[in-house]
Every structure is written in C-alpha cells, then in structure tokens.
Amino acid sequence: MAKYQLLLPKMGESVAEATIIKWLKKPGDYIEADDAVMEIATDKVDSEVPSPVSGKLVEQLCKEDEVVQVGSVIAIIETEAAEETQPVVQNTPQPQPEPEVISKPAEQAPVAEPQNIPGTDQLEERLQAATPQRNIAEFKSETRFYSPLVKHIALQENINIQELDSIPGSGAEGRLTKDDLLNYIRTKPAGSSAAPVIETPAEPSQPVQQESASPQPQAADQSVPQAKPQKVAVNEVVTPDQDTPVQEPAKAAAPVSSGTDEIIEMDRMRRLIAEHMVMSKHTSPHVTSFVEADVTSLVLWREKVKSSFEKREGEKITYTPIFIEAVVKAIKDYPMVNVSVNGTQIIKKAAINISMATALPNGNLIVPVIKKAEELNLLGLTKAVNTLANKARTNKLQPDDVKDGTFTITNVGTFGNIMGTPIINQPQVAILAVGAIKKKPAVIETPEGDVIAIRHMMFMSLSYDHRVVDGALGGSFLSRIAYYLENWDNDRKI
C-alpha cells in the first residue's frame, strides 16, 4: 500500500486559493478514480475536486470553510500502488511553492487579474489593512455559506450578518457571490449602511479628483485581476457582436462634495485594478501599433450568411470568431507572439489558447479561454465563443474555462470606440484591440484608376511586450491579421 497526496489543483490563471465548502468523502471511504472528494469555492466558480487515483481516504488535511492555497496537500489517499509512489505527508503546514513567473501575474488571485504576479502578497496586506478591524468570525450564518471575499467586502462596507443573509444570491444553491454583494451595495437605498465616504479633505496621500470625475465606466482597457479579495482578470471587453448596443457604464457610489473638489475613496475592486495595471506596466515595456483594415467583404459576407446560419445551427455567428480565426492564422505565421517570459528565458507555447474578455450583465468582466483554437474551424470557433459567453453570463464557467490563455483579444468597439491601447494580460506578451466598424469614404485602386467609395473600415491596435516582441515582429503580425480580414472570401461556406 502507498500513500497518495491529493493536491488542490490549479483552477485558473488568476486563482491562487479556494475555500473548502464541503467534504463529500469521509476518512475510511473508498474513492474511485475521478470521484469528487470535496466541493470548493473561488471568486470565479464553485466546483468539485476529483481524485485522480482509486483508494481509501485516510486523512483530511483541511477543514470546511478553510482557505487553502493552490498546490497544497488536502488529503491522503491509500492506494494499491508501490510504496515509493509518494512519501507520507506530515500534518505540518506545507511550504508554498515559488510562483511561476512565466505563468500568471500573482498566482494568488482568485477572480483577479494577477496571474502569478510577484508582489500579490503585499497587495493583499495593503487591502486587508484598509479593512475595518472587526472579527471575520462574526459572519457565521446558520443558513448560508459565505466565501472569505464576501466576508471581507461586507466588513469593509459595514454590512452585518443579518443584512448579508437578506441579500438574494445567484450562486450554486442560492450562494451569495461577490457580484451579488457588489450589486447590492451599488443599488441599496441611501441611508442604509453603505461604503464609508470621506467627508473631509483627504490626507496628502489620498488622490483628489476634480468635480468632473464621473462614475467608473466599464473598463474597456484593462486586464483585471480576479484577486484574493477579488482577483479578477480584467482585460478589455470582447462581446460576441458589434451589433450589440453600447452598454452604459456601471454606476459608482455617489461622491461626497467637500468644498469645490470631490473626494472619492477607491473601492476594493478599483484598488485591485489599479495595482494590476501598474504591475503589468512595470513588468512589460509596452509598445502599441495600429492598422486600419477594410473589412467590407467580411461585413457583407456575414450579412449574407447570418440568417441561414442561425436557422441551421440555432445560434448567431458574430464577428468575434472571425477575428479569432484571423489571429490564429497570424500566430501560425508569427509564432514568437505566442510566448511568455521567464527571466531570460522565452517560453514558446505549443497551443494557441485565445482569451476573450467578456462583459457580464452586472458590468464586471471575465476572461474565458478557447483552448487549442488552432484545431477549430470557423464553425467550431463560433460555437466555442457562444458557449463560453453564455456560461460566463449565467455564472456557469468551470475553472478550466479561464486558464492557460496565451493571447488576448478585446473588443473596444463594443463601447463605440474606434481604437484603444490595451494593457497586456500578464504573463502573455501581446493583446489585440478591435475597434468599431464604421462606414467611411476610402480610396480604392482599380485597373481603371483610383476611385473613392464607401467602405466598412476598422482600426486594430496591438500592444506588445518590447522585451521579446520588436516593432518589426509586432507590426508584421498586426498587418497579417488585417490581411486575412481584408481578403475575405465572399463565397465562403460555413
């Protein structure tokens, strides 16, 4: 007999820990391979942890409601394998492995955007220092489970357990999610316990914004963290279709006037976003290149086929899978864009995994990933895009749906913007922003001479890490994407 150490698996690019909700097996129970051993909750998704081996559960190394780091040993399973399979685990805390610099900014970030980013521990300390000094153990409910993130936000917003219990939840079995709580805070009537607002001039270290400061719009240019409290990965938003009406920015808490200026205290999510943006800029020297593409043939082709496609497949064909196909082709031509950096090493990725930042109904963002996009045709990409977008909007994404992205696409055109300068989603080295498609007069070269005609034009911008992607490579890669979109086959079948 041998002892197998069951580890808490990696659950996403920005997820570094999870809360144990419930043990599904007890010590002494026999477990078949792939049987679920426990239920866990992260700030992104709730899921089950399966056992990769068959055997008897000997010991549980963590308790329900305990927060456990990814990679930690959570249970001991006695198997029939040879004794040397794995050493017996001691009941002492396991040292946390060094974060992979190549893999994600701060591997300590659930729903947050740092993906294995160095320095996330310091970020958490600063955030926790801003939390009121009340005992988180106060949030013991007889009827509901609350994740540590929800409890931290409730502490910061002065919400007690009775008020927390009254908020409807959209998670599994009615569980209250971070988004549910943030929506409640934004919409609760004035006079009820809300986030504290500074009514007197801030200390010198506090930022002061002019009266023209407006509510924070939905980030069109952010690779957001889904961090511990909120390690969300926020990049720009890629919505399935530019036909979608421009979304209104999420409303922020009303600032309190102090004289002629307004002082606005950053909420937890905004502080995490700020930290992640600064981290990405400090990590990668950003360069952004632009190109304008004539996508008239593409637009006319989509208008021609979209009705028949929807009748046949039962879903819409949008611009997003078309953009992804062009990016995948360009990456095959220029594979050194599909890399990450580990110190002085360049890790060339074998698979092309496209991250597409998706806007949620509540204004938050999440970045599901299309795995091995190079193996999918346009029909397969369309179904993958629609499936992931629907799962994101109904809170049904699984941990595997948001991990291992190698290149990100964001659609700033969703907000009516014609171009943007996106910030790289670490540890990737490039991110593409596609702008709104606009009708414009353009010069067309013909055998009979140049003519001016109304064309469907679109700007694209590529931000890239100048440590490993030079201007020649970045510019050529962007131009190749434009080439594939401009030379669209009007007779193409799907």
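Thr296, Leu298, Val299, Trp301, Arg302, Val305 and Phe309 are the buried residues of helix H6, where buried means under 20% relative accessible area, exposed over 50%, and partly exposed in between (1.4 Å probe, protein chains only). The model is predicted: local features need pLDDT of at least 70, side-chain atom pairs count only at pLDDT 80 or more, and totals for chains, interfaces and linings use all residues. Residues are numbered from 1 along each chain as its sequence is written, and side-chain values use heavy atoms, with hydrogens and water left out. Helices (H or I, at least four residues) and strands (E, at least two) are DSSP runs, numbered from the N terminus.

**Helix H6**

- The buried residues of H6 pack against strands E11 (286-294) and E21 (449-465) and against helices H7 (319-333), H8 (378-393) and H9 (471-486); contact means heavy atoms within 4.5 Å.
- H6 covers residues 296-313, 18 residues in total.

**Aspartates with positive phi**

- Aspartate 34, although not a glycine, has a positive phi of about 75 degrees.
- This aspartate 34 is located in the loop between strand E3 (30-31) and strand E4 (36-41), and it is exposed, with a relative accessible area of 64%.
- Aspartate 404, also not a glycine, has a positive phi of about 70 degrees.
- Aspartate 404 belongs to the loop between H8 and E18 and is partly exposed at 35% relative accessibility.

**A cis peptide bond**

- The bond from glutamine 426 to proline 427 is cis, with omega near 5 degrees.
- Proline 427 lies in the loop that separates strand E18 (407-411) from strand E19 (430-434).

Key: The expected span of a helix is 1.5 Å times one less than its number of residues.
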